[in-house]
Amino acid sequence: MKVIRIAILSDLHCRHDKDGVTTYLYSDAPRIPMDKHPIQALKAIIEKEKLSSDYVICPGDISDKIDIQGLISGYGFVNEIKTDLNASELFCVPGNHDVDSRKKHAVDTPFDILRRYILDYPLKDSKLLEKFWANNYVIFKDDKIKLLMINSVFNHFDTANAQKSTIPEKLLSDISNELNSDTDEELFKIAVCHHHPVKISNIDPNKYKDGDSLENGDVLLKMLGEHKFHLFIHGHKHTPQLSINNYFPIFSSGSFSSLENIIESPFKNCFHIIELYLENGSCKGKIDTWFYTCGKGWAKSKDPDEAFPTLTGFGVNADITELASKINQWLTSREKDRIRYEEVLNSFSDIQFLSPPQQKILSDELLKLQLEFNPTLTVGAKELSKQLN
């Protein structure tokens, strides 16, 4: 079985001045006290918890409103995290705040700032980098992953076009043809872009409208499913969500440090590490999430009702009611009222890969059998026990 770890930092919205409080991340902010600096606070958690990853992915909006110093500093911050995690590669895709669609600066095209100031954006391989900007997509491959990177802001040449995103038929055809010509190695197949391929409801529909989901996003997802991709990662929507589209997991990674669409919602700024397992073409994954509180730093939530779970997963296609029954039979056969979670996991490893809805179904079914995980699966269970009358 192959295993990889991917760290996700999305929508940093770094800027150089406090012209309205829209982010926690400023280029000139002092790093002490570190719990008020989201990057320095994350570096401390990485060191304390000895975190590591194979890759770091940033699905866009490093800058805020194409703030040049914010772009430079934000990219430097992400590279610091890559170094601290001992990751081999950093992958970024441009977000709408990373391009000058509103003609804020005196440049020829909206992409000039990004291309002039960050020479290895969106990835360091020079040939693949040029292909990305020429074709609006690129496929990176090594001995572990096949990563499809899509430029979902290629048409953001002006304010009107910046209000929408699309993946036209020509781009879909080009991607499909390249995937068709590729060999089917046993690789983790992941797609990433800034915009969301399916509509996501906003917390405040009167303030935020979802008019910029990817046009033809459903066609893209269908194509990726046919090519047996395992995961789609995107940014833009600042609320973290995991959805399953015809068995295909789509991860909205939320925002690392922006406050927009966060303050009025129950969601928090977040950082994730996704651990993927691949065997015989079947992929399962689990997501660890840390949340940021200014003045306290990063921590895993202990709240079972957190808007996005601290621990969750994807890749399990099973009857959850039947799983609960098997767990009950297994515990009864051991003649114990409580048992360590690790022992349960040794016999039922799929539990760690359950999606948020599946976690709830399993917990509800176990309660009917007078069983419960303590604490809940969403915050990290320690034991399974019978409820005593």
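**View 1. Strands β1 and β2 run in parallel.** In this predicted model, β1 and β2 (residues 55-58) pair in the parallel sense over 3 bridges; two strands count as paired if DSSP finds at least two bridges between them. Look for Ala 7, whose bridge partner in β2 is Val 56. To get from β1 to β2 the chain passes through helix α1 (residues 38-49), and this β-α-β crossover is right-handed: with the strands pointing away from the viewer, the path from the first strand over the helix to the second runs clockwise. Helices (H or I, at least four residues) and strands (E, at least two) are DSSP runs, numbered from the N terminus.

**View 2. β1 also pairs with β12.** Here β1 (residues 2-8) and β12 (residues 269-279) go antiparallel, over 7 bridges. Val 3 has Tyr 277 as its bridge partner in β12.

View 3. Leu 171, Leu 172, Ile 175, Ser 176 and Leu 179 are buried in α5 (buried is under 20% relative accessible area, exposed over 50%, partly exposed in between; 1.4 Å probe, protein chains only).

**Notes.** Residues are numbered from 1 along each chain as its sequence is written. Local features need pLDDT of at least 70, side-chain atom pairs count only at pLDDT 80 or more, and totals for chains, interfaces and linings use all residues, while side-chain values use heavy atoms, leaving out hydrogens and water.
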